[in-house]
Structures are given as structure tokens and as C-alpha cells.
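Hi there,

Here is the structure I promised to pass along. Please have it open while you read my notes below.

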Amino acid sequence: MSDSPVVRFEVEDGVGVITVDYPPVNALGPGVPEGIIAAVERGEADPAVRAMVLIGAGRSFIAGADIRRFGTPRPKPARRTYDVLDASAKPVVAAIHGYALGGGLENALACHYRVAVPSAKLGLPEVLIGILPGGGGTQRLPRLVGPKAAMEMIVSGRHAPAPEAKRLGILDHLVEEGEDLRGAAIAYAKRVADLRPLPRVRDRTERLAEAAADPGMFDAMRAAIARKARNQKAPYHCIACVEAAVTQPFEEGLRTERRLFEELENADEARALRYAFFAEREVAKIPGLPKDLPLPEIRSAAVVGAGTMGGGIAMSLADHGIPVKLLDASPEALAKGLGRIRDNYAVSVKRGSLAQADMDRRLPLIEPVETYEAIADCDVVIEAAFEQMPIKKEVFARLDAAMKPGALLLTNTSALDIDAIAGATKRPEMVAGAHFFAPANVMKLLEVVEGAKTAPATMAAAMKLGRAIGKISAYAGNSDGFVANRTRVPFNIEQGLMVEEGALPEQIDRVMVEFGYPMGPFAVNDMSGLDVSYQTRKRRAAADPNYRTLPITDRLVEMGRKGQKTGAGWYRYEKGDRTPHPDPEVHRIIKEVAAGMGIEQRGFTDEEILHRLLFSSVNEACKILEEGKALRASDIDVMWLNGFGFPRYRGGLMFWADGIGAREVYNRVSAWHQRYGARWAPSALLREVAESGGLLREAKSAKAR
Ligand code: 3HC
């Protein structure tokens, strides 16, 4: 018996099975809620049905509301699935596999019982797209697990694994691993079919009493998230809703939830976060690659170079269960590298973010080796040797000689020419860039760089490997600095030049922290070391006579002020403390260098600082798209969100710029071009978008159109 194309209803052994079948993840798209309601009504009306099961077809239960419909006008439903399930006179059992997220979990909470397979994940991640659970989740979850645990789940948006959900009280029963979920849920439904009264989450109040014993829990949560949730509304509205669950009767709590949900749905924060969600899915797609391209399986990996980057990459692989051989010719470097990896894991265990058992599982996956022969059999090798072309070429020539046919040969260079590196091998089609961001085991972004001869399957396999180790892989063309760093360079330059013109590092840092960055750019420079970019600047200056050096930064490095590690950089640091203190000595150096260069110092408004930093990068991003080195403007946004700590609730560089308007950005860039010269030459694409009244975030290179 089939009711609707997206929801099936079948009766089996006295149990009505409602199957949601809306690929790929059973979101509550058009027809799904209506189908569920119709099926419940049918089950209630059919005397042969004693109980019902709600289950998802394919890989998941229900992943939540259809996010694509948010922000668009939609008719208010006459009845909501949550109310219909809740009010059913016959018990309904939610049978969960894959994901039960957002509206999916809320439907499960409106059922009378919940069973799941151990691998299932449950959560209310709405806050991550700038909204709150609007299907009663903020009222039902606290009744099941207590307000504190509910608030933690709702405000973090995290997915709880099924065994934890069982412990918390969300699930009534865990099905054995490997057992047929449908069959187990039907059996469960038969067992509970005649039990009355029906257990409804809305009627439970015992866990809510916990708030009376700890009335400060809501303010404590607000204080705990204050730093991270700066400039955002949704996390606070989530807390307010859980508070309402405790202070208001159920129906009134639902009304509070609805009112606050509606306040958030069309706000800038939610629009930006929805955009980021879809941009992060779009970035995985390289147009023109056949879907069924056969890709090599990656079961083993090697990393060349046991330095900080190599170690971080090895950890990323081991963290995802891929055995990795760490190759370094120097036994000392190898020992030091392994020690660093062990220390990193140990710190995570100490902080409580990693279980000792996981550390014990991951560490042995990293095997130190000293010869190329030892890695010859690996499916992929990632080179993370010193950032100098002769070294890279030598490594790749040796890899070419040693590695088995079909192995992927990836380089972690952050700027060097992939074609020159691939040219050291007789198999340039197997070579691509895999540019990780430091610390490689933490940062989510991976730029996958295509050389002139890289085979499509190599690109696809490298993108897939990135995803398999928890990264967000983004396509980049081969150009100096690739895409992410190249868009960031003008920002860094303007940052330095504004200081010459009279803005103080602490003012620029304050503006950017208020904008939403976790740290200001000068404090970040001090953390990573001012000497890191010093060499790159020298290299670029030698290659390009128009390259604008940064004499103040260079002076600080030459004075030994290399940042936190030397106790002084742009700021001064007390021993053993990372708090940056503004330093009159730096102010003096700034004045002195500026005077020496004949630059008159002046005051800056906060807006000018923000716009100068970010518009310079927007302009560069447009140039990169014009050159076809990036696929889509939204890919660049994904890079800024995951590589540079750009505030997610602002969508990304290009999304943010659209909020100001391409026309306004173009006018400003043109004015600065007049004033400051060639480095501000406006991109033709920026001008085109400004003149057409279009959106920067929708810009695409020819390759992606
Ligand atoms: N709505 C619309 N499309 C969705 C979606 C949703 N809720 N969830 C996933 N999709 C789409 C993706 O855009 C992607 O489409 P594409 O193939 O065209 O690019 C496709 O489904 C597959 O998604 P992923 O690539 O992300 O698949 P994964 O297997 O990696 O991840 C997932 C699956 C964990 C379910 C992940 O997709 C996800 O986190 N989805 C969002 C979950 C969510 O936020 N739910 C709450 C929604 S808001 C809500 O429910 C409001 C309610 O309270 C009223």
C-alpha cells in the first residue's frame, strides 16, 4: 500500500510501519510532514493496527526540516506532525538509524518510544544554522534529560551517539549492532502495544525540578558562552527556550519557542549560517568530473617530513584510522617529531577532549621510517618537507623512483609551483597539492591544488581523502599562494601599511575582534611568529620589484621581537603569560620608521580599518575567480571560515561584502586605487558585478559555470 511518493504506510503483524523515503537524508521536505500525518491517521483508523513504527528509508532516520525552505514564504501547516504523533491514541515507536537531527529528533521526541541502532547520531543542531529547535525540541528534551543536559546539547548543536543518548534518557532501547532495526522496532511496538497510559514526553515534569535546585544554571550558561557567542542571538534564544520549559506550562513554552524561532529565521545571522551550510556542501563538487570515476582506495598513507606540519598531517590520518608511515631521513628529527605527536595527544587527553583509549589506538598507527623503500607500498604519500623548491624536487624524484604505480603523490607546499614539483616525476598526472593549514590536525580546511597535468581521478581522490580525514576539501588552481593564502595576502599588507599610516596594532586588533574574529591579526602574528612570513616577503620582494615590503614588521624581526616565543613582538608578554600588552616601544618604532619613510601619520575610524582589510581581499578574490584559479566565490568563503577563523555568522568574505553591496565595495576600491596606486587596481569581475547589481557570492569562474 503506498500513500505518497515520500512516505509509505504498510501494516505488518498488527503494526503500521510509516517509512519516510525522501533521499538523500529524509529531510522534512515537501510532502513529508503531510505524509506522516496521513499515515498516523490511517494507522489510528485501522482496527488491525495496534501500534506504529516511524522509520527512515536509506541511510538515515530524518535529518531535520528542509533547510532550503527556510527564509522563503511557506504556508503555515494546519497541523504539525509533532502534535499529531503526540496525540495518537495508539503508541508510535521511532526507529532511528543514521541521523535523527533537528525536526527529525523532535518528531522522535513526539513519539511515545524511541529505539535506535548503536551507530545512530541524535541532536538538535539548529543553533548551527542560526535558529532554534522549533518543533517542540526545546520543551520536550529538557523533560526527558533535564534542563542542564538539554541546554548543553541545544546550545552546542552537537550530535550525541546513540549509546550516550540511551544513558541520557532520550532512547528507550538500543538495538543490537547488526540486528535488523525495522524488525526490532516492530517487535518492540508489539510489546508495548497495549500499555496504557501512553508515555508522552510533554507530560513528564520530574526532570524539570532540577532547575529549582540550581536556579543559576541559565545565567551560568549565558556567561559560559559569552565569548564564543559574541554578536549572535540564536544561542541565547536557545537558553531562553529551555528556561521557558522550566518556568512555563508546556503549551505556553511551545508558544515562546515559536515566537523566538520566528525572530531568528530571517535574521542576518541565520541567512549567513544557512549560506555557509550549503557553501560547505557545494565546495566538494568539481564540475566536469564524472560521478563514476574509478578512484584508488586509500588504506595506507605516508608523510615525508616529521616537522610540525608533517606531524599534524600524520595525526589527521591516524585520527581517522588510516595507518601512516612517517618518513624522515634524520633519526633525530623523527624522534623529535614523534615526541611532539605524543605530547599533542597527551595534552588532549589531559584536557579531556580525547580518551586515553583513543590515544592508545591512534599512536601506534604512526610508524616512523627512515627510507623511501619503507613507504613504497603506501596508497598515498603527502610530502611536508622544507618549503624550498630544490628540496621538493629531490623528494619527488625519490618518490617517483620508490612508490608503487597508482600511488597518489601529494605535496603540502603552501605556495610553490605544483607543476615544477610534478615535473620532477615521470607521473605528473598523479601529483597534486594538498595544502593543510596549521595546526594540521585541528584546522578543517584542505586546499587541493590542481597542476597542469594532474589527472581528474587524482583530484577526485585527493578531495575524497580530505573528507575521509574530517577536512573540508576545496579546489584550488596553481598560482602563488593558491587561493586561500592569496586572498589573505592583501589583508596582511594593508594591516602593515595602516600601521605605517597611524593606526595602532591594538586598535586594528580590537576592530577585528569586535567584528567577530577570535583574535586580532597582530596578536595572531605574535602567536605564529613574525619571522614566519619574513622569509616569504624577502622571496617575493626579490622576485617582484613592485612588491611592497613591510619595514616595521621586518624591523621587529630584525630586533629579535619575533612574537610570543621571544616575549615580544607587536605586543609585550609577561613571562609564562600569553596576554598581549600594548608596548610604547612598538609605538616608538612605528613613528620612527614611518617618519623615515616620509609617511604622515593620521587617525583611522574603525570602519575604515575593517573595510581596508577586507575589501583588499574581496578584490583579490575576484581576480582569482577571473583567472579561473578558484571555482566559486562561495568556495573562497568556505576557505575563510575554515582556514582563517572568519566569523561564521557573517557567512564568509564574499557573503559579508554583499551585505555592504558590490557597488559600494567597488567605489571604495576605485578610490583607494586613485590614492594608493596599483595594488588597489579594481578587478574587472568586481566592476562587472557592481555594475550589474549582482551578488559577489554568486560569482563563478568559467570552469564552474
Ligand atoms: N535540509 C535540506 N537539505 C539537506 C539537509 C536539510 N536538513 N540536510 C542535508 N541536506 C542535503 C545537503 O545539502 C546535501 O545536498 P547535496 O547533495 O545537493 O549537496 C545532501 O543533503 C547530503 O548532505 P551531506 O553532504 O551533508 O551528507 P552527510 O552524510 O555528510 O551529512 C547530515 C548528513 C549530518 C545529516 C548533514 O547533512 C547535516 O548536518 N544536515 C543538517 C542537519 C540539520 O541542521 N538539521 C536541522 C534542520 S533545522 C530544523 O530541523 C528545524 C526544526 O527545529 C523545526
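In this predicted model, a polar side-chain atom of Arg-59 sits 2.7 Å from an oxygen atom of the ligand, which falls under polar contacts (pairs of N or O atoms within 3.5 Å; within protein, one must be able to donate a hydrogen and the other to accept it, and residues adjacent in sequence count only if both atoms are side-chain atoms). A polar backbone atom of Gly-103 is 2.8 Å from a ligand oxygen atom, and a backbone N or O atom of Ala-65 is 2.8 Å from a ligand nitrogen atom. On its own the ligand has 990 Å² of accessible area, and the protein covers 78% of that (Shrake-Rupley method, 1.4 Å probe; for residues, only the protein chains shown count as cover).

The shell around the ligand has 26 residues, each with a heavy atom within 4 Å of the ligand. By class, 14 are nonpolar, 5 polar and 7 charged (Ala, Val, Leu, Ile, Met, Phe, Trp, Tyr, Cys and Pro count as nonpolar, Asp, Glu, Lys and Arg as charged, and the others, Gly among them, as polar). Helix α12 (268-282) is one of the elements that supply at least two residues, and α12 gives the most, with 3. Helices here are DSSP runs of H or I with at least four residues, strands are runs of E with at least two, and both are numbered from the N terminus.

Now to the charged pairs. The structure holds 56 salt bridges (a side-chain nitrogen of Lys or Arg within 4 Å of a carboxyl oxygen of Asp or Glu). Lys-190 and Asp-13 form one of them, at 2.4 Å from N to O. This pair joins distant parts of the chain, 177 residues apart: Lys-190 is in helix α7, and Asp-13 is in the loop between β1 and β2. Lys-190 is partly exposed at 33% relative accessible area, while Asp-13 is exposed at 54% (buried is under 20%, exposed over 50%, partly exposed in between; 1.4 Å probe, protein chains only). Elsewhere, a network of salt bridges links Glu-494, Glu-501, Arg-602, Glu-608, Arg-612 and Arg-679.

A note on the numbers: residues are numbered from 1 along each chain as its sequence is written, and side-chain values use heavy atoms, with hydrogens and water left out. Local features need pLDDT of at least 70 and side-chain atom pairs count only at pLDDT 80 or more, whereas totals for chains, interfaces and linings use all residues.

Best wishes
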